[in-house]
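Dear colleague,

Please find below a structure that I am handing over to you. My notes on it follow the entry.

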Amino acid sequence: MQEEVVVMEPQDEEEIHNSLIKLRSNPQRRRDKVYVGCGAGFGGDRPLAALKLLQRVQELNYLVLECLAERTLVDRYQIMMSGGDGYDSQISSWMSMLLPLALERGTCIITNMGAMDPLGAQRKVLEIADSLGLNVSVAVAHEVSVTNIGSGFSPAKSYFMDGGISTYLGAAPIVRCLEKYQPNVIITSRIADAALFLAPMVYELGWNWDELEHLAQGSLAGHLLECGCQLTGGYFMHPGDQYRDMSFLQLLDLSLPFAEICFDGQVCVAKAEGSGGVLNLSTCAEQLLYEVGDPAAYVTPDVVINFQDVSFSPLSSSRVLCLGAKPSTVSVPDQLLQLVPLDCGWKGWGEISYGGYECVKRAKAAEYLVSFKNL
């Protein structure tokens, strides 16, 4: 049994909830539409791209930094067990670059860079903000084991999950942080990728956990955004294919994506005006099916989604309307996914190969893009 913990400052009293979703009490609509951007799609993303998105898209209300995967989570666990930091080691450079403009714009940063040590990440962000002369509020949503909770509960000692086990939580603990604290930054442990984006929609648009049509559309937006530039052409280039041929210049000025979500569930994904890359029906369809086993039942902690009737309608070269996501027949999962790290030895390999039509052109394009002289 796992629990969610919501805490604002290191000295604050913790607010503990079990992982069962409870309906929100009289949720209020704070906006008719909310703008949520993706500032990172994996642990190796670069903060400069996120800063460019903040600079180019002034209406952003939230910027999500999705920097955690199964491999990176286990890496942080191993490092923490060896005496290192259990949170993302790059959090200092990210926050140093993003916090000044995010605070100026009123953009809330939500990130899973807390990994295995979200409270340590919180302390680091407060330290960075203080060094920059910034006054920030940093909330934390993370997981604890119910067996560790007693009358003398201390977050510094008992939040850590036995054996490095992490549960993929949903959007609820982030929503609770927003409701209680309205912070500038929210640090999390393992939260399902799409849920990081869904949470601000639920909070701002007044949705409740039984409004499954809205949750499905919101999770569709999160799923499209979660891998960053995959949506805006990062994996789309195919020299020699008339439908996927892009110039190198377009790829070197890719925009991270963002979404405009209305209170009625309408979703429009977008890239910064005038930026490179491609955003169209094909890039959206490609990302829609990424890591999807059954399009009729895509499981998230908040809602099981049916993607079969999803449609994409380009509104311009930078905006695509996304409709048709709906709850599946079994609309809510009865279990949550857990990651359990095990030491089973090691295996490593590396290969980049290209085959098929115009494979040499594609290989040369890859060579160009990864060479330092052209970055």
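This is a predicted model: local features need pLDDT of at least 70, side-chain atom pairs count only at pLDDT 80 or more; totals for chains, interfaces and linings use all residues.

Residues are numbered from 1 along each chain as its sequence is written, and side-chain values use heavy atoms, with hydrogens and water left out.

Overall composition

The protein has 11 helices and 16 strands; helices (H or I, at least four residues) and strands (E, at least two) are DSSP runs, numbered from the N terminus. Of its 375 residues, 54% count as buried, where buried means under 20% relative accessible area, exposed over 50% and partly exposed in between (1.4 Å probe, protein chains only). The protein exposes about 17200 Å², of which carbon and sulfur atoms supply 51%; accessible areas come from the Shrake-Rupley method with a 1.4 Å probe, and for residues only the protein chains shown count as cover. Among contacts (heavy atoms within 4.5 Å) between residues at least 6 apart in sequence, 73% join residues at least 24 apart.

Strand E9 comprises residues 258-262. 5 of the 5 residues of E9 are buried, so the strand is largely enclosed by the rest of the structure. Both faces are covered, with Phe258, Glu260 and Cys262 on one side and Ala259 and Ile261 on the other.

E9 pairs with E3 in the antiparallel sense over 5 bridges; two strands pair if DSSP finds at least two bridges between them. Within this pairing, Val34 has Ile261 of E9 as its bridge partner. A further 4 bridges join E9 to strand E10 (residues 267-270), again antiparallel, and Phe258 is the bridge partner of Ala270 in E10. E9 and E10 form a hairpin with 4 residues between them, and Gly265 in the turn has a positive phi of about 95 degrees.

Leaving aside neighbours within four places in sequence, Glu260 is in contact with Lys33, Val34, Tyr35, Gln266, Val267, Cys268 and Arg319.

Helix H3

Helix H3 covers residues 91-105, and its end C-alpha atoms are 20 Å apart, which agrees with the 21 Å that its 15 residues should span at 1.5 Å a residue; the expected span is 1.5 Å times one less than the number of residues. H3 bends by about 40 degrees at Leu98, and Pro100 follows within four residues. The bend is the angle between axes fitted to the seven residues ending at a residue and the seven starting there.

The buried residues of H3 are Ile91, Trp94, Met95, Leu98, Leu99, Leu101 and Ala102. Their cover includes strand E3 (33-40), helix H1 (47-56) and helix H4 (118-131). After H3 comes Gly106, with a positive phi near 75 degrees.

Strand E12 (residues 304-306) is joined to E15 by 2 bridges, and Ile305 has Pro327 as its bridge partner in E15.

With kind regards
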